[in-house]
Amino acid sequence: MSVADVRTVFDVLYGAYGPQHWWPATTDFEVMAGAVLTQNTAWRNVERALANLRAVGALEPAALMALEPAHLAERIRPAGYYNIKVTRLRNLTAALLDDGGVEGWRSWSTAALRQRLLGIKGVGEETADSILLYVYHRPVFVVDAYTRRIFARLELLRGDETYRQVAAVFEHALPADTALFNEYHALLVRLGSECCRPRPRCSLCPVCVMCPTGRAQAGGSAER
Ligand code: SF4
């Protein structure tokens, strides 16, 4: 994938969709909780889980840890995999509190904080990078399933690259600009959820003209 490709996709998406105002949360801890809750589920389900936590004042680290695990599970049930996510949320929150809360991690280097986050059971690369970007404003590119699907269909990724290989493509092609990385990921989520679904809706897609998959769809059977 060339630098031009990476920039062109961004320019086209930004032109079509405009700013996405991410991350959709009001506090840093809410971003962290959302980054765990969104694993393997749609954001609308996460919003319901977050609303349940907010309703009992548990969107704050100490308050969340004070909730009985069974009660926490009940609150986050809409986000799915709730028993696993209880453990993951508590693991992340315990580590956060051990290190001085949200502010405690602010002075850490990006590499050290990523290593710390990845050492927490249940925090993978995407969750760690979401926290680095959207809480700590570090210029890291968040790679998710939408990113992989879109760029594989654009034939700009092979599809078998590791997480870090994909992230490196974007991080080398773009200036280390947190706002740009924030916006790019949000735009890809919008494209992936609205158009580049498992069954793509290419006729609605802003990047259709540069997409072999989209052109094949247009030339063959029309989207149903
Ligand atoms: S044209 Fe179709 S396959 Fe290509 S990125 Fe857009 S929605 Fe996905």
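This report describes selected helices, contacts and backbone features of the structure above.

## Basis of the model

The model is predicted, with local features requiring pLDDT of at least 70 and side-chain atom pairs counted only at pLDDT 80 or more, while totals for chains, interfaces and linings use all residues. Residues are numbered from 1 along each chain as its sequence is written, and side-chain values use heavy atoms, with hydrogens and water left out.

## Helix 12

Helix 12 spans residues 178–194 and has 17 residues; helices here are DSSP runs (H or I, at least four residues), numbered from the N terminus. From its first C-alpha to its last, helix 12 reaches 24 Å, close to the 24 Å expected at 1.5 Å a residue, where the expected span is 1.5 Å times one less than the number of residues.

The N-terminal end of helix 12 is capped by Asp177, a side-chain oxygen of which lies 3.0 Å from the backbone nitrogen of Ala179.

## Helix 3 against helix 5

The axes of helix 3 (residues 43–55) and helix 5 (residues 69–76) come within 7 Å and cross at roughly 135 degrees, the axes being lines fitted to C-alpha atoms over the stretch in contact, with angles from 0 to 180 degrees between N-to-C directions. Helix 3 is therefore oblique to helix 5, since angles under 35 degrees count as roughly parallel, over 145 as roughly antiparallel, 65 to 115 as roughly perpendicular and the rest as oblique. Ala49, Asn52 and Leu53 of helix 3 make the contact with Leu72, Arg75 and Ile76 of helix 5, contact meaning heavy atoms within 4.5 Å.

## Two residues of helix 6

Thr93 lies in helix 6 and counts as buried at 1% relative accessibility; leaving aside neighbours within four places in sequence, Thr93 is in contact with Phe29, Pro61, Leu64 and Met65. Leu97, also in helix 6 (residues 82–98), counts as partly exposed at 38% relative accessibility, and with the neighbours within four places in sequence left aside, Leu97 is in contact with Pro61, Ala62 and Met65.

## Backbone features in loops

Most residues other than glycine have a negative phi, and most peptide bonds are trans. A cis peptide bond, with omega about 0 degrees, joins Trp22 and Trp23. In the loop between helix 1 and helix 2, His21 has a positive phi of about 55 degrees and counts as exposed at 66% relative accessibility.

Methods:
Polar contact = N/O pair within 3.5 Å; in protein donor to acceptor, adjacent residues only side chain to side chain. Buried < 20%, exposed > 50% of the residue type's maximum accessible area, 1.4 Å probe, protein only.
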